[in-house]
Amino acid sequence: MRECKRQAVLFLCQRLPFPPNKGEKISSFNIVRHLGRRFDLHVGTFVDTPQDMAEIERFRPFCTSLYVVRITKPWAWIRAVLRWVGGLPLSFALFRSAGLGAYVRNVIDQYQPVAIIAHSSNVSDYALAPTSRPTLRVLDFLDVDSEKFFGYAAQVTWWKRWLLTLEAQRVRAEEARLAAGADVVGFVSDEEAALFRSVVDVPLAKVVTIANGVDAEAFDPGRPWLRPAWSDGPAFVFTGAMDYPPNIDAVLWFADEVLPAVRNIHDRAQFVIVGSNPTRPVRMLANRPGVLITGAVPDIQPYLAYASAVVAPLRIARGIQNKVLEALAMGRPTIVSPGALTGIGTADTAPVIVADEAKAWIAACVQVLNDPGAAAALGERARSFVIEQFSWDERLRALDALLP
């Protein structure tokens, strides 16, 4: 019997989706893996580090064809600035590539994809390329990036505020333009989708939620994870890319406002910051008592497994926080700011401790250390919660429902 030919889908993303070790890569990789079971998947993406270059061949088996644009510094930034002078947002200008545009046209001509999916607004323009047959255009913006830049602008002064406000305005205009040409615009949470509807004039039915999940097998506290090399004191662990402004702000705030007070009560308590590319302000925290900066690590699971608690004191938070889902999957007591809980639940429904002001954070951290039995019970509920509600197959049913 002749085997039925599979339909093609074109998937575009701003970073190589491998390894799935940080925010956007986690979601893009799991979408690729999910779609690859059903479609011939053609992937166009970018790399900007030697580490990502080294991962290209490991990722290639997950797709039918792959086109990778290398962002070479400083030339890529010089070209991006010239495009910015011409009116593009800088965060979009860096991802303009004639080569990727040619790849998109070739995939359209040769394979006639039934859908083109863009993962992030700054690569979504490629998904609007003309086709000779009806093609579903899904622009998965993930977050309302314009709102993120408005938030950054509110925290700085002078020329930085002007520059970030301009970027926010330009991104907002691009979001509106792209949404007008799309069939569907996706966001990682209902809250983010509602925010977009409130700031961009777009048909309500066009905006959907395509939520993140977590791989509960990869984040399994029952596996024999090796204990990290830190001191014997209790450890509050933060995970995330440490060149990302909201993460930088979060760890600096925690180190300034929370850790010293906690150490006044539990003098061996430590703050372990786990993540790649720590900036100079983050690295300087290592000079303080009780602060450990790891930089990039092969796996974050051991750091989560041995954490007394995982903390996510994010004051700027967009969409679902993978770091929170991973901590819950590892069965750890988790303390979060209200914004870090967006898309996951509420203080009443999610098995976490929610803290806002510094006093509440200090009390929550001390509570976890003073009552390890209650902390362990909270962690057990956390893993059950994630397994029931946040498997990737479950969360991606919304995307499945859109595709032919």
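These are my notebook entries on a predicted model, with a few places I looked up in it.

**Ground rules**

I number residues from 1 along each chain as its sequence is written. Because the model is predicted, local features need pLDDT of at least 70 and side-chain atom pairs count only at pLDDT 80 or more, while totals for chains, interfaces and linings use all residues; side-chain values use heavy atoms, with hydrogens and water left out.

**Entry 1: Gln-14**

I started with Gln-14, in the loop between β1 (8–13) and α1 (23–36). Helices (H or I, at least four residues) and strands (E, at least two) are DSSP runs, numbered from the N terminus. Is Gln-14 buried or exposed? I found Gln-14 buried, with a relative accessible area of 13%. For my own reference, buried means under 20% relative accessible area, exposed over 50%, and partly exposed in between, with a 1.4 Å probe and protein chains only.

Next I looked up the partners of its side chain. The side chain of Gln-14 has a polar contact of 2.5 Å with the side chain of Glu-24, and another of 2.8 Å with the side chain of Asn-122. A polar contact is a pair of N or O atoms within 3.5 Å; within protein, one must be able to donate a hydrogen and the other to accept it, and residues adjacent in sequence count only if both atoms are side-chain atoms. I then listed contacts, meaning heavy atoms within 4.5 Å. Leaving aside neighbours within four places in sequence, Gln-14 is in contact with residues including Thr-45, Phe-46, Phe-95 and His-119.

**Entry 2: Val-43**

Val-43 lies in strand β2 (residues 40–47). I noted a relative accessible area of 0%, so Val-43 is buried. Which residues does Val-43 touch, not counting those up to four places away in sequence? Among them are Phe-11, Val-32, Leu-66 and Tyr-103. Val-43 and Tyr-103 are 60 residues apart in sequence, but their C-alpha atoms are 9.5 Å apart in space.

**Entry 3: Ile-300**

I found Ile-300 in the loop between β10 (291–295) and α13 (301–305). Ile-300 counts as buried, at 17% relative accessibility. Beyond neighbours within four places in sequence, Ile-300 is in contact with Phe-219, Thr-239, Val-274 and Glu-326. I also checked Pro-228, which is 72 residues from Ile-300 along the chain; their C-alpha atoms are separated by 9.9 Å.

**Entry 4: Rings and cores**

How many aromatic pairs does the structure hold? I have 16 in my notes. One of them is Phe-385 with Phe-390, a tilted pair at 5.7 Å centre to centre and 45 degrees between the planes. Rings of Phe, Tyr and Trp (its six-membered ring) pair if their centres lie within 6.5 Å; planes under 30 degrees apart count as stacked, over 60 as edge-to-face and the rest as tilted. Both Phe-385 and Phe-390 are buried. Ring pairs also link Phe-236, Trp-253, Phe-254, Phe-271 and Trp-361 into a cluster.

Then I turned to the largest nonpolar core, which has 70 residues. Such a core is a set of buried Ala, Val, Leu, Ile, Met, Phe, Trp, Tyr and Cys residues joined through side-chain atoms within 4.5 Å. Phe-254, Phe-271 and Ile-335 touch the most other members of this largest core. Helix α15 (residues 358–370) gives the largest share of this core, eight residues. A second, separate core has 41 residues, including Ala-179 and Phe-196.

**Entry 5: Helix α8**

Helix α8 (residues 158–181) has 24 residues. I read a reach of 36 Å from its first C-alpha to its last, close to the 34 Å expected at 1.5 Å a residue; the expected span is 1.5 Å times one less than the number of residues. Buried residues in α8 include Leu-166, Val-171, Leu-178 and Ala-179. What covers the buried residues of α8 includes α4 (75–85), β5 (136–142) and α9 (190–199).

Trp-158 is in helix α8 too. Trp-158 counts as exposed, at 74% relative accessibility. Its phi is near 55 degrees, a positive value in a residue other than glycine.

I noted a cis peptide bond between Phe-18 and Pro-19, with omega about -5 degrees. Pro-19 is in the loop between β1 and α1. The bond from Lys-73 to Pro-74 is cis as well, with omega near 5 degrees.
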